[in-house]
Amino acid sequence: MNLFVSFFTAALTAAVLENAIFARGLGSSKDVFMLSSVRRTVWLGGFLTVYSLLAVLLAWPVFLLIRSVYHGSRLSLQNLYSVATLVCLFIVFACLFLITRAFFPKLHYQLLDLFDLVLYNCAALGAILTALRYGYDFTTTLGFALGSGIGYTATLLLVREGRRRIALAEVPRAFRGMPILLLYIGIFSLAIYGVVGHQLPT
Amino acid sequence: MNLSNLKNHRRRSRWAEGILSKNPVFVLGLALPFAVMITDTLKQAAAISVLFAISLIPSVLLAYLIGKRLPEWVMLITSSLFSMAIIMSCVAISSPVSTLQVVGQAAAVPPPEAANVLFPLIDQAMVDPLGIYSSILSVNTVLCFLCRRHARQKQRPILALADGFSYSLGFALALCLIAAVRELLGVNQLWGFHIPFPIRLAGMQMAFSGFIVTALFCALFRAVKRAVGGSYYRRNNRRPEKEVSMP
């Protein structure tokens, strides 16, 4: 029962209070904010969520191994976790890429340009490293990764909806496009800060 | 329509396009997490800019060398891992005292006896507050953009080097501008030195102000870019003066 509670609490925290974009700016880039359709946004978010979860499953035994053999060095434990997480993320990406290309070619070619957005998306890496910094156990880290992915998807849908409404307004020429979108995200981030009440640690 | 001046300007500015005309943060909208989160003090912005430059330039050169021999996704993964290796090396060899720290405090801090003549540019006190963002540098979107550009197209290696330098400078310029404004308005300091300023807004040190200040600078850059482009165009395309007929 405790496991379920900690899993869902971590997921909810990651989705709302420690939202990847609003609270930490992770995964923010012009390409991601300018995605054209709801369907592609949901595909990107879903892909990123699955990607993060699989990476946690692969990386957790590696973290345990690092913790057991670490005896102090110039690199801290967190730095070693970062390297291990990145390697595991790329292994998962390579497997997903090759498996979809071999067995699900139609899906693979539909998602081909999303692969590029996922590979260099720091939301997955950032979520796992944040969970490790907080010292979460396996179940809580899984919940945090899941919540982070869901929160990221919801944020992109919110941003897309905001873009649609801003397009109907008369915006000064210098602010059209990315500047007004960043202002919109900043105001949402202010709302999240109002709920949390303090700056989150990096 | 005569666009010769504009074309000449664009050809000349190709070597330094990453600094202003295609600034990675303000114009291309890349590497936004760092612009938003790591700009609450000028020291952090300088530290992340140094790490960025040190990791970006060799990674772009590596992408240039291996890009045509490997599939794109393999090239991107290799460049990212190489970038992470460089960042971890910098973090591992960062010393307690750095050039930036000594310069910032002028003659007040005597160099330690065992230190070399050339200190590393960054120190542990500057790297530690970066948190997870120092590791995230290895998957930043500027690296992806430049690696793709120099792996796909037939560019000269000197252009890859020039792009690495110019985009690093552009990134540093963007982050330092945002950080200077946030630190000055947030805590009335610049690089840790107190600056008497009438306005003090505690909210400038929070994440949301990073988004807002970045947005304002983006708009400013866009307006200036339009004005400069417009002036080059108007030089060759002056409107003929209307003849005023006397009654």
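Visitor: Which helices of chain B each supply at least two residues of the lining of the largest pocket?
Guide: This is a predicted model, in which local features need pLDDT of at least 70, side-chain atom pairs count only at pLDDT 80 or more, and totals for chains, interfaces and linings use all residues. Residues are numbered from 1 along each chain as its sequence is written. Helices are DSSP runs (H or I, at least four residues) numbered from the N terminus, and those that each supply at least two lining residues in chain B are helix 1 (4-12) and helix 10 (207-236).

Visitor: Which helix gives the most to the lining of the largest pocket?
Guide: A pocket is an open set of points on a 1 Å grid over the protein atoms alone, where a 1.4 Å probe fits, with protein on both sides within 12 Å along at least five of seven lines, and its lining residues have an atom within 4 Å of a point. The largest pocket is lined by 20 residues, with His9(B), Ser21(B), Lys225(B), Val228(B) and Gly229(B) nearest its centre. Nine residues of that lining come from one element, helix 10 of chain B.

Visitor: What is the volume of the second largest pocket?
Guide: Its lining has 27 residues, of which Asp31(A), Leu30(B), Thr141(B), Cys144(B) and Arg148(B) lie nearest the centre. A volume is the space filled by probe spheres set on the grid points, which are joined across faces, edges and corners. On that basis the second largest pocket holds about 420 Å³.

Visitor: Which helix supplies the largest share of the lining of the second largest pocket?
Guide: Chain A contributes at least two residues from each of helix 2 (30-33) and helix 6 (112-119), as does chain B from each of helix 2 (32-37) and helix 8 (141-152). The largest share, six residues, is that of helix 8 of chain B.

Note on methods: Chains are lettered from A and ligands numbered from 1 in the order in which they are written. Side-chain values use heavy atoms; hydrogens and water are left out.
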